[in-house]
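Hi everyone, thanks for coming.

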Amino acid sequence: MDREEGQRSANEMVLRQVNEAIERGQWPGDEAESSAFRCECAELDCNRLLELTPPEYERIRAHPRRFVIAPGHERPEVETVVERRPGYVVVEKRDEAGRLAQAADPRS
């Protein structure tokens, strides 16, 4: 993996950590309310917010190779779209990108 790809992977992991903190900050009983989660794409300057409920985010995070991103932020060379929803896309990392995502996931 080249340096640029390594930076992109690191960015995705940081954004995943941000979203984990957002999810933990929800008040009990707010699970059905949408929250603004950060796009977990590889773009270093992306600041898009995605509306999901905490259970929706948790369902995606149950898979360590899956990320929630804004439509149009897909990178077909390293990930596969596994779900399209209004306002967001779920991608699954493949090959080396998938192994790195899984290895860096604190839940694994």
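Predicted model: local features only at pLDDT ≥ 70, side-chain atom pairs only at ≥ 80, totals over all residues.

Residues are numbered from 1 along each chain as its sequence is written, and side-chain values use heavy atoms, with hydrogens and water left out.

So, what is the order of the strands in the open sheet? The three strands run β3-β5-β4, with antiparallel pairing. Helices (H or I, at least four residues) and strands (E, at least two) are DSSP runs, numbered from the N terminus, and two strands pair if DSSP finds at least two bridges between them. β3 (66-69) and β4 (79-85) stand at the edges with a single partner strand each, so one side of each has no neighbour in the sheet. From one strand to the next, the twist averages 25°; angles run from 0 to 180 degrees between N-to-C directions, with axes fitted as lines to C-alpha atoms, for helices over the stretch in contact.

Between β3 and β5 (residues 88-93) there are four bridges, and V68 has V90 in β5 as its bridge partner.

Now the helices. α1 (residues 3-24) lies across β3 and β5, at about 80° to β3. It also packs with α3 (residues 95-104) at about 35°, their axes 11 Å apart. Here S9, M13 and R16 of α1 meet L100, A101 and A104 of α3, contact being heavy atoms within 4.5 Å.

Thanks, happy to chat!
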